[in-house]
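Subject: Structure handover

Hello,

Here is the structure you asked about. Please load it first, then read my notes below.

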Amino acid sequence: MLSIELSTDIVDNNSYHFARNWFSLSITLLVEFQTMKTGLPNRIQLEETWLKELESEFLKSYMQELKLFLKSEKQKGKRIFPKGKEMFKALDLTPLNKVKVVIIGQDPYHGLGQAHGLCFSVPEGIKAPPSLQNIFKELNDDLDLPIPSSGCLLSWANQGVLLLNSILSVEKGLPGSHSSRGWEEFTDSIISKVDEREAVVFMLWGKYASQKGRNINTNKHLVLNSSHPSPLSAHQGFFGSRHFSKCNRFLESKGFSPIDWSI
């Protein structure tokens with residue numbers, strides 16, 4: 001068996017295993033080949049259920065181009081969020097075979113300390129941004145849940161809610177700065193793999209998310225569309241949408257346990 005390591009340092013000489021630290025202090029791909037003849041990877045270190053379905057994506061040209069782009073941005077001294085070890089956090093916390101719900105965001109928060117790999121979520125101790133505050137308001141109206149002091153949505157991810165941004169990195173202070181660099185193709189593949197499952201709830205908030213989920217099979221999944229929870233659009237359909245209670249009713253109707261949306 002031949003083992004090949006392709007590693008490019010972007011801050012110092014430390015090396016890290018692939019998935020969690022791919023775009024951290026180094027960009028490392030660990031690939032094992034069964035034979036020189038096939039040229040196909042036998043193992044990439046990623047959460048195993050996602051690995052089985054996404055392994056081939058990491059060998060495609062768009063991912064190599066994305067790696068080079070991020071390396072270049074780091075070398076220019078630009079700050080990129082979230083931390084490299086958190087870019088695949090949504091996949092790490094919510095294995096494919098555990099996914100019940102998918103919430104699609106656009107790109108990570110671009111403020112200091114906000115992004116940690118889960119769409120709409122912020123780490124403990126960080127003030128909830130306006131969109132997340134509106135999500136909590138809708139939860140309060142829909143399920144009579146108290147508005148939490150924490151904006152960290154880890155408990156949702158641990159119950160099977162895939163908190164997936166379409167773009168998994170961003171430059172500090174510049175929303176959308178890493179669009180059209182390859183992430184969208186990668187996350188399209190993620191959504192496609194979830195679509196192959198049965199009875200998943202997709203929450204698509206805003207035109208961007210609706211377009212991202214345009215190919216979801218509505219015959220077997222529940223697709224909930226509304227305006228975005230941003231203060232600019234929340235009153236145009238997000239408030240009053242009652243997506244959280246609709247989600248739980250659907251899950252229970254299919255024999256699945258509901259999501260505990262409390263924080």
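Helices and strands here are DSSP runs, numbered from the N terminus; a helix has at least four residues and a strand at least two. Bear in mind that this is a predicted model.

**Largest pocket**

Strand E5 (101-105) and helix H8 (207-212) each give at least two residues to the lining of the largest pocket. H8 has the largest share, with three residues. The lining has 25 residues in total. Nearest the pocket centre are Gln106, Asp107, Pro108, Tyr109 and His228. The space inside comes to about 420 Å³. By type, the lining residues are twelve nonpolar, eleven polar and two charged.

**Largest cavity**

How many cavities of 30 Å³ or more does a search of the whole structure find? The search finds one. The volume of the largest cavity is about 30 Å³. Its lining consists of Met87, Phe88, Lys89, Ala90, Leu91, Gly117, Leu164 and Leu168. Helix H4 (residues 89-93) has the largest share of that lining, three residues. Six of the lining residues are nonpolar, one is polar and one is charged.

**Salt bridges**

The whole structure has nine salt bridges. Here are some of them.

Glutamate 73 pairs with lysine 76 in a salt bridge, with the closest N and O atoms 3.6 Å apart. Are the two partners buried or exposed? Glutamate 73 counts as buried, because its relative accessibility is 6% and the cut-off for buried is under 20%. Lysine 76 counts as exposed, because its relative accessibility is 56% and exposed means over 50%.

Lysine 78 and glutamate 171 also form a salt bridge, at 3.9 Å from N to O. Lysine 78 sits in the loop between H3 and E4, and glutamate 171 in strand E7 (residues 170-171), so this pair ties together parts 93 residues apart in sequence. Lysine 78 is partly exposed at 28% relative accessibility. Glutamate 171 is buried at 14%. Salt bridges link Glu73, Lys76, Lys78 and Glu171 in a network.

Lysine 220 has a salt bridge to glutamate 198, with the closest N and O atoms 3.8 Å apart. This pair links distant parts of the chain, 22 residues apart. Lysine 220 is in the loop between H8 and strand E9 (222-226). Glutamate 198 is in the loop between helix H7 (183-195) and strand E8 (201-205). At 22% relative accessibility, lysine 220 counts as partly exposed. Glutamate 198, at 53%, counts as exposed.

**A buried charge without a partner**

Glutamate 138 belongs to helix H5 (residues 130-143). This residue is buried yet has no salt bridge. The side chain of glutamate 138 does have a polar atom 3.4 Å from the backbone nitrogen of serine 241.

**Arginine 79**

Arginine 79 lies in the loop between helix H3 (61-75) and strand E4 (80-81). With 43% relative accessibility, arginine 79 counts as partly exposed. Its C-alpha atom is 9.1 Å from that of glycine 173, which is 94 residues away along the chain.

Best wishes

Notes: Residues are numbered from 1 along each chain as its sequence is written. This is a predicted model: local features need pLDDT of at least 70, side-chain atom pairs count only at pLDDT 80 or more; totals for chains, interfaces and linings use all residues. Side-chain values use heavy atoms; hydrogens and water are left out. On a 1 Å grid over the protein atoms alone, a cavity is a set of points where a 1.4 Å probe fits but cannot get out, and a pocket is an open set with protein on both sides within 12 Å along at least five of seven lines; lining residues have an atom within 4 Å of a point. Grid points are joined across faces, edges and corners, and a volume is the space filled by probe spheres set on the points. Ala, Val, Leu, Ile, Met, Phe, Trp, Tyr, Cys and Pro count as nonpolar, Asp, Glu, Lys and Arg as charged, and the others, Gly among them, as polar. Buried means under 20% relative accessible area, exposed over 50%, partly exposed in between (1.4 Å probe, protein chains only). Lys and Arg count as positive and Asp and Glu as negative; His and the chain ends are not counted. A salt bridge is a side-chain nitrogen of Lys or Arg within 4 Å of a carboxyl oxygen of Asp or Glu. A polar contact is a pair of N or O atoms within 3.5 Å; within protein, one must be able to donate a hydrogen and the other to accept it, and residues adjacent in sequence count only if both atoms are side-chain atoms.
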